[in-house]
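Subject: Structure handover

Dear colleague,

Here is the structure you asked for. My notes on what was found in it follow below.

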Amino acid sequence: MNKTDSKYGKTALEYCEIAIEELRRTQEELQAEIQSIRTIQSEFANLKSELQATKQELAATQAELKATKEELDNTKVELQKTKQKIEDSLIQTKKQTDSAIAKIKSVKAGIEDGSIVAQKALMLRGKDDRNWIRFRELDSVNHHCLQVWRIDDTWHDDIRVKAASLLQARDDQHWMRFHYMKDGKYDTYCIWERGPIWHHTVRVGADKLKP
């Protein structure tokens with residue numbers, strides 16, 4: 001049983017012990033490999049979990065970026081509309097300003113070269129720089145109507161003079177007007193008819209003052 005192997009000089013028992021020792025080392029190596037595999041599996045599971053969390057965070061970030069981009073796009077559109085409105089307003093204001101400047105220059109040039117006299121000026125100043133007296137229209141009997149024009153572009157029938165040379169009688173064809181001084185001390189009024197013709201037909205109900 002303990003016969004020596006003539007070729008290697010080892011007994012069968014020694015061969016068994018060597019085989020057992022190799023088997024034990026192999027088992028230990030397998031255990032180490034198994035433990036290494038388990039460690040790798042654990043690390044892979046952790047990495048997979050972290051990857052999943054990162055994927056979710058990335059999806060949330062992408063959603064936020066999309067919402068932010070939409071908001072920026074909407075803001076850009078609104079800014080473009082506002083810019084266009086401002087540009088249109090500036091263009092309109094410039095046109096109005098240029099038109100007003102051109103009119104002022106025209107009147108100024110006309111006054112300077114004598115082609116426009118005071119009676120032909122476009123506007124006469126009222127109580128301040130916001131109120132101007134200006135020709136408005138011709139009425140039904142071709143009378144020139146003047147009105148107060150204000151810088152807010154409104155017209156007002158509030159012109160008043162101290163005295164008028166003519167006072168309207170029964171219609172637009174007849175007017176009462178001073179005619180002459182009688183006896184050097186009496187103011188005589190007559191009806192002035194278009195033509196011109198004077199008529200001594202003035203009559204009042206009562207005189208407030210007696211000479």
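In the hairpin of β2 and β3, five residues lie between the strands, and Asn-142 takes a positive phi near 70°. Strands here are DSSP runs of E of at least two residues, numbered from the N terminus. Two strands count as paired if DSSP finds at least two bridges between them. β2 and β3 pair in the antiparallel sense over seven bridges, and Ile-133 stands opposite Val-148 in β3.

Before going further, please note that this is a predicted model, in which local features need pLDDT of at least 70, side-chain atom pairs count only at pLDDT 80 or more, and totals for chains, interfaces and linings use all residues. Residues are numbered from 1 along each chain as its sequence is written, and side-chain values use heavy atoms, with hydrogens and water left out.

Strand β2 covers residues 131-138, and three bridges join β1 to β2 in an antiparallel arrangement. A hairpin of five residues connects β1 to β2, and Met-123 stands opposite Arg-134 in β2. Val-148 stands opposite His-156 in β4.

Asn-131 is in strand β2. Its relative accessible area is 8%, so Asn-131 is buried (buried means under 20% relative accessible area, exposed over 50%, and partly exposed in between, with a 1.4 Å probe and protein chains only). The side chain of Asn-131 makes a polar contact with the side chain of Asp-128 at 2.6 Å. A polar contact is a pair of N or O atoms within 3.5 Å; within protein, one must be able to donate a hydrogen and the other to accept it, and residues adjacent in sequence count only if both atoms are side-chain atoms. Not counting residues up to four places away in sequence, Asn-131 touches Leu-124, Arg-125, Gly-126, Val-148, Trp-149 and Arg-150, where contact means heavy atoms within 4.5 Å.

Gln-147 is found in strand β3 and is buried too, with a relative accessible area of 10%. The side chains of Gln-147 and Arg-136 make a polar contact (3.2 Å). Leaving aside neighbours within four places in sequence, the contacts of Gln-147 include Trp-132, Ile-133, Trp-155 and Ile-159.

Rings

Arg-134 lies over the face of Trp-149, at 5.9 Å from the ring centre. A charge sits over a ring if NZ of Lys or CZ of Arg is within 6 Å of the ring centre and within 35 degrees of the ring normal. A search of the whole structure for aromatic pairs finds zero; rings of Phe, Tyr and Trp (its six-membered ring) pair if their centres lie within 6.5 Å, and planes under 30 degrees apart count as stacked, over 60 as edge-to-face and the rest as tilted.

The sheet with β5 to β8

Another open sheet of four strands has the order β5-β6-β7-β8, and its pairing is antiparallel. Its edge strands, β5 (167-168) and β8 (197-199), each pair on one side only. Two bridges pair β5 with β6, and the bridge partner of Leu-167 in β6 is Met-176. Eight bridges join β6 to strand β7 (residues 186-193), where Ile-191 stands opposite Met-176. The hairpin of β6 and β7 has three residues between the strands, and Asp-183 in the turn has a positive phi of about 55°. β7 and β8 pair over three bridges, with Ile-197 in β8 as the bridge partner of Glu-193.

His-179 is found in strand β6 (residues 174-182) and is partly exposed, with a relative accessible area of 30%. Apart from neighbours within four places in sequence, His-179 is in contact with Thr-188, Tyr-189, Cys-190, Trp-198 and His-200. The C-alpha atoms of His-179 and Trp-192 are separated by 8.7 Å, and the two residues are 13 apart along the chain.

Regards
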